[in-house]
Structure formats: C-alpha cells, structure tokens
Amino acid sequence: MKFKDIVNRGIVTLTNCEHEPIHIPGSIQPHGFLIGLNSDWKIDFCTENISTYIDVQHTQVLGKDFASTFGLRSQEQILEYINEEKIQDVFPLEINLLGKLFQVSIHKSFDIYVLEAEPKFPDREKLADVYTQTIQFVTQMNNTTSLKDLCALVAQGTREITGYDRVMIYKFDEQYNGEVIAENCREDLEPFLGLHYPHTDIPAQARELYIKNQLRLIVDIDYKPVPIFTIDDHKENKNLDLSLSILRSTSPIHVEYLKNMGVGATLTISLIHKGRLWGLIACHHYSKKNISPEIRLAAKLQGQFITSQIDIRQSNDENVSAQKASLALEKLTGLELPLSDESLEIIVNTQEILNLCNASGVSISIKDKIYKSALTPSDDYIKALIEHINKEIFDKTFVTNKLSDYFQEIAECSDFAGILYHSLDSGSHIIWYRPETISEINWGGDPEKAIVKDKNGLHPRNSFNIWKQIIKNQSNIWKQYEIYAATRYAHALHNHLMMIMLSEEEEKYRTQSEILKETNSELENINWISTHDLQEPLRKIQMITSKMLTELDVIPLESVHNSLVRVSKSAGRMRILLEDILKFTRIKNTRDVLQKVDLNDILKTTKSEMKESIKENNAVIESENLPEVYAVSFLMRQLFSNIIQNSLKYASEERSSVIKITASQEPELIGHLNKIYCHWVNFSDNGIGFEQQYAETIFKVFSRLHNQDQYTGSGVGLALCKKIMQTVGGNIEAVGKLGKGTDIKIYFPCDPEETLL
C-alpha cells in the first residue's frame with residue numbers, strides 16, 4: 001500500500017497571496033496528532049507524528065479499521081460523543097488510546113470525521129475554579145456601563161484566566177482595518193493600545209476562518225509543521241479541510257509576521273456580532289505556551305461576554321446624545337410657525353436644528369431661495385452641490401463624511417467635508433453640514449508595507465514602529481441616531497412646506513376672488529358712469545343745442561354765449577370722465593418690470609409739476625428722507641400727484657393746508673393682512689377729514705363722499721392710487737378724523753417680484 005502526504009507546498013505564491021488557501025495546509029502543529037475517519041470507520045488520514053504520542057506508526061494505521069487499531073470500546077465512546085452534539089463545542093472527549101489518556105476534539109469535514117488528540121493536561125484547572133473566576137467576572141461586568149469599560153475588563157479577565165503576557169481587544173472598522181481598543185499586558189512591555197493595523201494584516205480568507213472557528217491557538221511559533229498522510233488511491237485533489245481544526249498549521253506569512261513582532265505563542269478568540277467579524281481577543285505570549293481545554297473554554301466565554309453586550313453598551317454610549325437629538329426633534333416639531341416662507345428663517349435660526357444631528361450648519365433651499373445659519377458654504381456652492389447630488393446620486397437621502405469621495409471638484413473648494421442631505425420634493429432641500437476634521441492615526445508600522453516583496457519572495461513587514469498618518473478631507477462620522485433624527489425632521493419639514501403651499505394656494509384663490517369681486521364692482525360702477533354721469537352731460541348738450549337751433553333767429557347773443565359756455569362745461573366733464581376711465585384701465589393692465597425708484601426724486605418732480613396748484617392753495621409740504629423702493633416711475637408720479645391733489649382738494653377753509661410726508665425703512669407687519677412690508681410712506685394733512693367708516697369706500701372707483709357741486713372730480717383719484725399700489729405688490733390704507741385731517745399710508749413689499757396683479 002502506498003502513502004502520500006497532502007501538504008500544500010504552493011500555499012503562498014505571488015498570485016494567490018490575498019487568497020491563500022489557509023484552510024487546506026495539509027499539516028498541523030505538533031502539540032497533538034490527527035486522524036481522519038471515513039464513513040466506514042477506516043482511517044483515511046493520519047499525521048506523521050502519531051508515533052510521538054502512542055506506540056504506532058502512521059503507516060501502520062492508514063487504511064485500517066479504527067476498532068482494529070484502538071479497540072471497539074474506544075470506537076463506541078467516540079460514537080456516543082458524536083451523537084451528543086451539544087457537548088462537542090464545549091468539552092473535548094477524554095479517552096484512553098493504547099494505554100494513554102487524551103483529550104480529543106472531533107468535527108466533521110464533508111464525509112470525514114476529524115479527530116484531533118492532545119495529551120490530557122496533568123495540571124488541568126478544575127471546572128470549579130474556572131466557574132468561580134467566571135462568576136467574579138460577571139459581577140464586575142455588571143458594574144460597567146460603556147463598551148470601552150467592558151472591553152478593558154475582558155482584557156484584564158482574559159489575561160488573569162489564561163496567563164498570557166499580553167491580551168488585546170481588537171475592533172474592526174467597515175474596511176476591516178483594526179484598532180486596539182483595550183489592552184492588559186506585562187508592565188515591562190510596550191503598550192499597543194490605540195494602535196491601528198491595516199486590513200491586509202488579517203486578509204479576507206483569514207477573517208472567514210475566524211467566523212467559522214472562533215478559537216485559534218498557536219502553541220509555539222517556532223514549531224515545525226507536521227504533514228498529514230493519506231492512502232495514495234490516485235484520487236485527484238484529495239485533501240482535508242481544516243477550517244474547524246484546533247491543530248491546523250498556520251500560514252507561513254502569518255508565522256513570520258508574529259516572529260517579527262517577537263511573539264512566541266498566541267490565542268485568538270473571534271468576536272462575532274450580527275454574523276460579522278466585529279473584532280478579536282488577541283492574546284500574545286513571548287515564549288511558547290499552551291492552555292487546557294477548560295481554560296480555552298473560559299477564554300472563549302470572555303469573548304461571548306463582549307458580543308452579547310455590544311448592542312446594549314453601544315446604546316448606553318449613545319443614549320445621552322440620542323436623548324438630546326430626540327429632545328431637539330420634539331422642540332422643533334412643536335414650534336408654532338406661520339404658514340409662510342418666513343417660518344424657514346425661524347427654523348434655521350433655531351439652535352435645535354443643529355442639535356438634532358450635531359451639525360455645524362444647516363441650509364434649506366426652496367423656490368430658488370436659500371435659508372441658512374451657522375457655519376455653511378456660500379449660496380453658489382450649495383446650488384452646485386444640490387445639482388451634483390441630483391445628477392449623480394439620484395437618492396432623496398444622501399449621507400457622507402467624506403464629500404471628496406463623490407464630488408472631488410466641488411469638495412476642493414470648501415472646508416465642509418460631511419453632509420446629511422434630504423430632498424423635500426418640489427425642488428426643495430435641507431442639508432446639514434460638518435467641517436473637515438483633521439485627525440492623526442497611529443499605525444503599528446507602515447500600512448502601505450504590510451506585505452513586502454524582495455528577492456526571497458513575499459514577507460510581512462518587520463518593523464512595527466509607530467507610523468503616523470494624517471487624515472484630511474473628512475468630517476466626524478454621522479451616527480445612526482443622528483441620521484434617524486434628521487430623517488424624521490425632514491419628513492416633518494416636508495409636511496410643513498406642503499401646508500405653506502396649500503396656504504399660499506388658498507390665499508391666491510382668496511385674492512383672486514377678491515379681485516374678481518372688486519372687478520365686478522368696478523364694472524358695475526363703470527356701467528353706472530356710462531349710463532348716468534356720461535349721459536347726463538350729453539343730454540344737457542343735446543338739449544341746449546336743440547334749443548339754440550330752434551330759437552336761433554330770436555335768441556339774444558348773450559344767451560347764445562351762456563349756452564355755449566354750458567355746453568363747453570358739459571363736454572369738459574365728459575372729457576375728464578373719459579380720461580379717468582382710460583387712466584384706470586391703463587393702470588389695471590400695466591405689467592412693467594419693477595425697478596428701483598428713489599421716492600425723493602418722485603416727490604421733487606411732483607412738487608415741481610404741481611407748483612402753481614400748491615401756491616394757489618397756499619399749502620405747505622413738509623417731508624423727510626424717503627426710501628428707495630421697487631416700483632414703476634410714472635405710476636409713482638401719478639400716485640404722489642393724486643394723493644397730494646386729494647389733500648389740496650379737501651383742505652379746510654379754517655386753516656392753512658399742511659401736508660407732512662414721513663417714512664420708515666423698518667419692516668412693518670400689517671396684522672389683518674398677515675404680511676410684512678419693508679417700507680412705508682405716510683401722507684398726513686390737516687384737511688376736512690372723513691368718518692373712519694368710509695375708509696374702504698374712498699378707494700372704490702367713482703365713489704364720492706361729497707356732491708359734485710361742492711367738490712369737483714370723478715371719484716377716480718384714490719381708486720387709481722389703490723390700483724397703483726396693487727400693481728407694485730403694495731398696499732394703501734387711510735385713517736380719517738372728521739374735521740381734523742386724513743392720513744394716507746402706502747406700503748411697499750420686501751420682495752420685488754411680489755405683485756398682486
């Protein structure tokens with residue numbers, strides 16, 4: 001019968017370094033021996049060193065029945081152990097093989113049962129001692145609140161139980177770079193706490209094995225691998241998967257890595273959280289060291305203490321901050337906000353909008369306008385950022401702490417590295433910002449030289465001196481509770497914007513309804529004027545001319561003159577009425593683009609044009625500095641002219657006419673309109689005034705408070721003023737005091753684009 005070893009001699013090559021088949025090395029460590037049984041209980045695999053432990057050669061057992069070599073009783077014990085699946089991961093089988101006691105670990109690799117035998121530890125710790133230590137640890141564990149404190153306690157407890165020189169808790173990030181977050185070691189050793197190690201130190205295939213087999217032991221780093229032999233039955237690729245093996249030989253690159261660190265023996269315990277390799281408990285000894293199965297079990301239990309507490313402890317660590325975020329969200333959603341764009345100014349200037357997700361700044365963009373506060377980029381940068389996100393990301397939510405990974409060009413133009421973005425639909429967005437946070441990472445050696453290639457092949461780095469790396473172009477990571485709080489508020493803000501839109505639509509319809517109502521009233525008045533005021537002078541003209549024609553031969557010349565004067569007056573009144581109707585129509589249909597107008601210039605021009613009328617009425621006009629507003633110049637001249645003319649017309653006969661024109665550039669809220677105007681001008685006279693109940697009537701077209709004989713005019717003047725102010729998006733109001741005078745106040749909008757017509 002021929003035999004062959006299954007040693008994988010090409011285990012590390014230039015082509016398979018990152019995919020090194022470390023699960024099939026074909027060899028084991030020498031502190032035990034291995035045999036593989038097929039389904040017929042024949043020994044199909046056996047390590048060369050079996051003769052070191054029992055009086056038999058590997059060539060003598062390969063191909064033989066297990067019972068014929070080790071006895072039927074031993075086979076029955078193994079069969080009973082295999083059937084008790086619950087204890088296999090806890091305790092090894094204690095068994096007598098050819099007169100010697102062994103502790104045997106058993107697992108199945110495809111259709112092969114793999115038996116790994118180690119001599120029974122003569123000074124093995126009693127289970128009672130391990131139990132006592134575990135109870136003490138649990139008591140101490142309950143006194144810790146943070147994950148960091150728990151890991152420090154586990155490092156201490158594991159070292160006390162195992163006796164290794166150094167115990168580290170090693171945590172992976174998303175890319176599987178590792179950091180030593182807790183450590184307990186001999187006082188004379190240089191600490192590794194806080195050091196980072198690149199993901200290449202523990203490649204992907206090694207991480208996979210750590211998930212499958214959660215405890216890994218190297219007893220002596222200087223060991224000589226023991227080959228596994230099998231019967232040469234000419235089967236291709238005959239091998240043995242040792243993923244779950246206790247004795248599995250280690251990758252030569254990993255062995256060299258540990259030697260370069262000066263390590264003599266190791267114990268590694270996997271920390272699995274939600275199916276992912278969260279971290280490791282890495283135990284180092286600076287000489288060879290082995291520990292009993294009971295101690296291994298206790299150490300493995302230490303790792304389970306950590307993994308069972310990760311969610312709870314991380315929740316405790318973030319609980320205080322999460323409560324602050326929750327409180328900020330509660331305050332924000334509880335704000336009583338007006339249903340207008342002004343509410344966005346209130347929101348962005350509320351501290352809670354930043355506390356919500358611990359941001360340094362925030363911006364809300366809506367209707368091509370940007371509201372922002374605290375530390376934020378320029379408006380142009382925000383617009384460019386939104387454009388890039390819409391073009392390249394497409395998602396309604398986008399979160400990153402390293403903007404340069406996505407938009408290198410615009411990221412270089414800003415100090416802001418992290419954003420939390422939400423689309424609010426209808427072209428609106430909210431973005432929270434975080435500035436660049438420059439940090440320093442201490443690596444255990446240069447991470448770029450984890451694997452070195454030289455003339456002798458591939459080698460791990462041999463220097464573990466601290467190598468510092470400066471990290472730029474990134475902010476602090478957005479935590480999950482921060483993202484959650486921001487998302488919830490984005491939904492609330494979206495609803496608020498929808499309410500604003502509905503309110504604006506309602507106001508638009510209400511305004512249109514009022515305009516329609518007012519237009520109908522105007523049409524009625526124009527119709528009345530057409531049927532009454534225009535026809536009355538026409539009747540007079542017709543009557544007078546008819547009489548003159550019938551009495552032309554007998555009517556005296558003086559009577560003809562008087563009749564023609566009366567005809568001229570009637571025609572003149574018709575002309576005034578027609579001009580006013582045309583003026584009113586012209587204003588109503590004006591759609592000129594608003595421009596900046598200096599009202600001081602308007603007043604100066606108006607006074608110049610009305611100089612004779614002002615002098616004739618012996619009036620005085622007093623004024624202060626007037627603001628610049630967005631309006632139409634010729635309409636403003638007509639407005640000022642009509643208001644001043646109105647004051648002159650209704651001057652009191654008991655006193656000299658004084659018109660005072662005052663102004664303010666401070667914004668003013670008109671309560672009944674629920675609207676803010678940035679500028680106003682007030683015309684105050686000391687004329688005859690009027691009763692306040694007619695404050696609305698005087699602005700209606702062709703409405704008059706006095707008869708035609710007492711005060712001439714068509715009644716269009718103030719109606720024209722109202723139309724002018726509506727055209728520029730403003731408002732006009734009057735306050736009358738009968739016998740004392742009138743105040744007419746005009747208001748101009750803050751937004752030059754805002755018009756009512």
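Author: Happy to. Let's begin with Asp222, which counts as exposed because its relative accessibility is 55%, over the 50% cut-off. Keep in mind that this is a predicted model. Asp222 pairs with Lys259 in a salt bridge, and their closest N and O atoms sit 3.7 Å apart. Lys259 belongs to helix α9 (residues 252–261), while Asp222 is in the loop between β11 (215–218) and β12 (226–231), so this pair ties together parts 37 residues apart in sequence. Lys259 itself is partly exposed, with a relative accessible area of 44%.

Next up is Asp165, which forms a salt bridge with Arg186, with 3.0 Å between the closest N and O atoms. Here the loop between α7 (147–162) and β8 (166–172) supplies Asp165, and the loop between β9 (178–185) and β10 (196–197) supplies Arg186, so parts 21 residues apart in sequence are tied together. Asp165 is buried at 9% relative accessible area, whereas Arg186 is partly exposed at 26%.

Lys42 lies in the loop between β3 (33–37) and β4 (43–47), and Asp65 in the loop between α2 (58–61) and α3 (66–70), so the pair ties together parts 23 residues apart in sequence. Both ends are partly exposed: Lys42 has a relative accessible area of 33%, and Asp65 has 34%. If you want to keep going, a search of the whole structure finds 15 salt bridges.

Note on methods
Residues numbered from 1 in each chain as written. Predicted model: local features only at pLDDT ≥ 70, side-chain atom pairs only at ≥ 80, totals over all residues. Heavy atoms only, no water. Salt bridge = Lys/Arg side-chain N within 4 Å of Asp/Glu carboxyl O. Helix = DSSP H or I, 4+ residues; strand = E, 2+ residues; numbered from the N terminus. Buried < 20%, exposed > 50% of the residue type's maximum accessible area, 1.4 Å probe, protein only.
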